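Reader: I would like to learn how to read the features of a model one at a time. Please give the general idea, then the case at hand.

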Amino acid sequence: DGGDYPHLDSKDIINIPYENGSIDLIYLSHVLEYFDRVEVIDILKNWYTKLKPNGVLIMTFPFMSASRKRLVRNLPSVSEDDMANFYQYALDSHEVISDIKQLGFSLIATNKRNGIKGFIEVHKSEWMEKLYFKRTPSLIDKIIKRLLGNFLSWIGFGHSIELFFRKQ
């Protein structure tokens with residue numbers, strides 16, 4: 001409605017200051033990857049109560065794409081000492097979808113994104129890095145980046161995934 005909305009700090013993500021059933025749309029862009037699976041479920045349970053019936057939840061996060069799964073398959077387990085340097089999780093999109101459906105949401109759509117970045121994470125490619133990080137891309141660069149990024153996401157190199165849900 002264009003009104004004033006309170007600024008939310010990171011601690012507010014779980015206990016948001018809105019009344020139950022008062023929100024039409026929630027968009028979480030690159031937020032959930034900083035929480036473990038149990039915390040994500042707790043966060044989404046609370047947000048579910050804040051949504052109106054038929055409200056929409058959209059979220060984007062780095063996910064365990066096929067290329068990332070192959071990359072980490074043989075890595076050693078992370079120790080408690082390593083967790084001091086923790087940055088973010090790459091969530092399993094199938095687990096997230098399953099968890100969210102169990103909360104009472106229905107999946108509307110998925111969109112794997114940013115295939116060039118996902119490719120660069122697992123394969124060194126100077127020309128793709130130049131294309132991806134180019135400060136002032138031409139129209140042709142933008143078209144190639146979009147087409148190549150979509151193709152690479154489709155074949156398993158997506159960096160992030162966008163999920164669309166509706167509250168039942």
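**Reading the model**

Author: Lys-167 is placed in strand E4. Keep in mind that this is a predicted model.

Reader: Is Lys-167 buried or exposed?

Author: The cut-off for buried is under 20% relative accessible area. Lys-167 counts as buried because its relative accessibility is 10%.

Reader: Which residues does Lys-167 touch, leaving out those up to four places away in sequence?

Author: The contacts of Lys-167 include Tyr-48, Thr-49, Leu-51, Lys-52 and Pro-53. Asn-54, Gly-55, Gly-104 and Phe-105 are also among them. For separation along the chain, take Lys-167 and Leu-107: they are 60 residues apart in sequence, and 9.2 Å apart in space from C-alpha to C-alpha.

Reader: Over which ring does the charged end of Lys-167 sit?

Author: Over the ring of Tyr-48, at 4.5 Å from its centre. Another lysine placed over a ring is Lys-145, which lies over the face of Tyr-132, 4.8 Å from the ring centre.

Reader: How many aromatic pairs does a search of the whole structure find?

Author: The search finds five aromatic pairs. One of them joins Tyr-48 and Phe-105: the ring centres are 4.9 Å apart and the planes stand at 80 degrees, so the pair is edge-to-face. The cut-off for that label is over 60 degrees between planes. Tyr-48 belongs to helix H1 and Phe-105 to strand E3 (residues 105-113), and the pair links distant parts of the chain, 57 residues apart. Tyr-48 and Phe-105 are both buried.

Reader: Why is the pair of Phe-105 and Phe-165 edge-to-face?

Author: Read the angle between the planes again. For Phe-105 and Phe-165 the planes are at 65 degrees and the ring centres 6.1 Å apart, so this pair is edge-to-face. Phe-105 has a relative accessible area of 4% and is buried; Phe-165 is buried at 0%. Through ring pairs, Tyr-48, Phe-105 and Phe-165 form a cluster.

Reader: To which strand do seven bridges join E2?

Author: When reading a strand pair, look at the direction and at the bridge partners. Seven bridges connect E2 with strand E4 (residues 160-167), and the two run antiparallel. Within E4, Phe-165 is the bridge partner of Leu-57.

Reader: In what sense do E1 and E2 pair?

Author: Strand E1 (residues 23-29) pairs with E2 in the parallel sense, over six bridges. Tyr-27 is found opposite Ile-58 in E2. Side chains in a regular strand alternate between the two faces of the sheet.

Reader: What unit do E1, helix H1 and E2 make?

Author: A right-handed β-α-β unit, in which the helix is H1 (residues 37-50). As for burial, strand E2 (residues 51-62) is mostly covered, with nine of its 12 residues buried.

Reader: Where is Arg-68 placed?

Author: Arg-68 is in helix H2 (residues 66-72). At 10% relative accessibility, this arginine counts as buried. Next, look for polar partners: the side chain of Arg-68 makes a polar contact with that of His-159, at 2.7 Å. Leaving out residues up to four places away in sequence, Arg-68 touches Pro-62, Phe-63, Ala-90, Glu-121 and His-159.

Reader: What is the relative accessible area of Ser-67?

Author: Ser-67, which also lies in helix H2, has a relative accessible area of 3% and is buried. Beyond its neighbours within four places in sequence, Ser-67 is in contact with Gly-118, Val-122, Gly-156 and Phe-157. The C-alpha atoms of Ser-67 and Val-122 are separated by 7.2 Å, and the two residues lie 55 residues apart along the chain.

Reader: What pattern does the chain follow, read along the sequence?

Author: The pattern is β-α-β-α-α-β-α-α-α-β, built from six helices and four strands. Of the 168 residues of the chain, 37% count as buried. Finally, consider the contacts with a separation of 6 or more: residues 24 or more positions apart account for 82% of them.

Methods: Residues numbered from 1 in each chain as written. Predicted model: local features only at pLDDT ≥ 70, side-chain atom pairs only at ≥ 80, totals over all residues. Heavy atoms only, no water. Buried < 20%, exposed > 50% of the residue type's maximum accessible area, 1.4 Å probe, protein only. Pairing = 2+ DSSP bridges. Right-handed = clockwise from strand over helix to strand, strands pointing away. Polar contact = N/O pair within 3.5 Å; in protein donor to acceptor, adjacent residues only side chain to side chain. Contact = heavy atoms within 4.5 Å. Phe/Tyr/Trp six-rings, centres within 6.5 Å; stacked < 30°, edge-to-face > 60°. Lys NZ or Arg CZ within 6 Å of the ring centre and 35° of its normal.
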